[in-house]
Structure formats: structure tokens, C-alpha cells
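This briefing covers a single structure, shown below. The notes after it are grouped by topic.

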Amino acid sequence: MIGGLLLAAGSARRFGGDKLLARLADGKPLAVAAASTLVAVLPQVVAVVRPGADELGAALRECGTQVVVCPRAGEGMGTSLAWGVTATPDWTGWLVALADMPFVKPATVTALAAAVADGAAIAAPRYQGRRGHPVCFGARYREALANLAGDRGGRDLLDAAGDRLYLFDCDDPGVLTDIDTPADLAHLPGGTLRRHRDSN
């Protein structure tokens with residue numbers, strides 16, 4: 001089974017508050033928007049959150065994801081990714097998505113998961129010549145993913161994949177659009193957001 005692994009354990013220091021609970025123009029929190037796309041397409045979705053992110057975890061559960069807490073999330077994305085892979089031992093593939101990328105199209109997720117189901121070792125989207133996210137890893141990468149640490153995530157695995165990497169050319173600018181600051185939304189259609197009520 002290929003499932004969705006949503007990485008939602010970052011500290012969001014550049015945002016100046018709890019970025020993943022900040023609301024898009026339609027009222028949906030960033031992380032929930034990202035999770036909802038995965039839930040609509042994949043049979044199972046697990047979100048990895050940091051300790052103390054109780055409200056975020058509740059919001060993600062409400063939209064249909066399972067939630068696991070990574071006690072060492074502060075070490076970086078690689079550690080969180082490894083935690084999520086270890087928590088899903090029955091999966092045969094991991095579509096790794098970032099919770100601060102809420103505009104990825106469901107069709108992109110479907111295509112990436114299908115590529116791995118059809119035998120690709122790794123599948124990633126490419127928009128206008130640039131590789132983006134999410135990335136889907138097949139079963140052969142289970143051990144490598146589970147042994148990641150620190151803040152590199154799966155980038156080194158992608159860079160070393162060579163011809164094992166299937167690049168899916170897509171018409172989806174969302175694969176390159178992440179939200180680091182409130183200003184990142186200014187150039188998007190309807191690109192305003194309302195801060196989460198507890199943000200600083």
C-alpha cells in the first residue's frame with residue numbers, strides 16, 4: 001500500500017507564529033489544506049507533528065489523517081521523515097508531502113503514487129523544468145528513509161537516484177509553492193490569509 005506521509009513538525013520560525021494553523025483565504029488552515037489533498041486520493045495518510053502541537057494534531061485528525069508525534073522533531077526534517085516511515089511498517093510506498101505546500105493538485109498526487117505502483121523506485125513532479133514536491137518513494141527505499149537524520153530529508157536520496165528517479169512533468173505550480181512567510185501568499189489568486197488566533 002502506498003500511503004501519504006505529511007511532514008508537519010517544523011518550527012516555522014520565519015513565519016512569526018504557528019504557520020501550519022494560519023488560515024488561507026477560504027478559511028482552511030495550511031496544513032489541513034495540504035492533508036485534505038492526500039486524504040482525497042490515498043488510502044491512508046499519516047501526519048508527523050512535533051511535541052505539544054495538540055491543536056494542529058486535532059485539526060489533522062478531523063480531516064481524516066492519522067497523527068504521530070516525533071519526540072525529536074527539533075533535529076530536522078530527516079528525523080521526522082524517518083519517524084513517519086518507522087511508524088508505517090505495513091506500507092510499500094511513501095508519498096512524502098510537506099504541510100506548508102497546500103496547493104498541490106490531487107491529480108499530481110495520483111500520478112506520483114501510480115508511477116511507484118507501476119514500478120518506479122522514486123517519482124517526483126517537475127514543473128517548467130524544476131523538480132518539486134511531493135515525492136513518492138517505493139519499498140526499496142524503506143531502510144534508507146528509516147535511517148535518515150537531521151534536516152536533509154530525502155534530498156540526498158533523490159540526488160543519488162540517477163535513472164531510478166521518474167520525473168513526472170505536470171501542469172501544477174503547486175509543486176513549487178511553499179509558504180514560509182505571510183508575504184508568500186501575496187502573489188497567489190486569493191492569496192491572503194488570516195493568522196491563527198494564537199499567532200504572534
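Buried means under 20% relative accessible area, exposed means over 50%, and partly exposed lies in between (1.4 Å probe, protein chains only). By that scale Arg-72 is partly exposed, with a relative accessible area of 43%. The model is predicted: local features need pLDDT of at least 70, side-chain atom pairs count only at pLDDT 80 or more, and totals for chains, interfaces and linings use all residues. Residues are numbered from 1 along each chain as its sequence is written, and side-chain values use heavy atoms, with hydrogens and water left out.

**Overall**

- The protein chain holds 6 helices and 10 strands, where helices (H or I, at least four residues) and strands (E, at least two) are DSSP runs numbered from the N terminus.
- Of the 200 residues in the protein chain, 53% are buried.
- Contact means heavy atoms within 4.5 Å; among contacts in the protein chain with a separation of 6 or more, 71% are between residues 24 or more positions apart.

**Helix 4**

- Helix 4 covers residues 106-117, and its 12 residues should span 16 Å at 1.5 Å a residue; the expected span is 1.5 Å times one less than the number of residues. The end C-alpha atoms of helix 4 are 16 Å apart, which agrees.
- The buried residues of helix 4 are Thr-108, Val-109, Leu-112, Ala-113, Ala-115 and Val-116. Viewed down the axis of helix 4, the buried residues fall within an arc of 155°, so they line one face of the helix; the arc is that of the directions from the helix axis to the C-beta atoms.
- Packing partners of these buried residues are strand 1 (2-8), helix 1 (30-41), strand 5 (93-98), strand 6 (122-127), strand 8 (135-138) and strand 9 (165-169).
- Exposed residues Ala-107 and Ala-117 sit on the face of helix 4 turned away from its buried side.

**Asp-172**

- Asp-172 is located in the loop between strand 9 and strand 10 (193-194).
- Asp-172 is buried and has no salt bridge, a salt bridge being a side-chain nitrogen of Lys or Arg within 4 Å of a carboxyl oxygen of Asp or Glu.
- The nearest side chain of opposite charge to Asp-172 is Lys-105, 5.1 Å away; Lys and Arg count as positive and Asp and Glu as negative, while His and the chain ends are not counted.
- A polar contact of 2.6 Å joins the side chains of Asp-172 and Thr-108. The term means a pair of N or O atoms within 3.5 Å; within protein, one must be able to donate a hydrogen and the other to accept it, and residues adjacent in sequence count only if both atoms are side-chain atoms.
- The backbone nitrogen of Gly-174 is reached by the side chain of Asp-172 at 2.9 Å.
- Neighbours within four places in sequence aside, Asp-172 contacts Phe-103, Val-104, Lys-105, Thr-108 and Tyr-127.

**Salt bridges**

- The whole structure has 4 salt bridges.
- One joins Glu-75 and Arg-72 at 2.9 Å, N to O; Glu-75 is partly exposed at 41% relative accessibility.
- Arg-126 pairs with Asp-169 in a salt bridge, with the closest N and O atoms 2.7 Å apart. Arg-126 belongs to strand 6 and Asp-169 to strand 9, so the pair ties together parts 43 residues apart in sequence. Arg-126 is partly exposed, at 27% relative accessibility.
- Asp-159 and Arg-131 form a salt bridge with the closest N and O atoms 3.3 Å apart. This pair links distant parts of the chain, with Asp-159 in helix 6 (residues 155-159) and Arg-131 in strand 7 (residues 130-131), 28 residues apart. Arg-131 is partly exposed at 36% relative accessibility.
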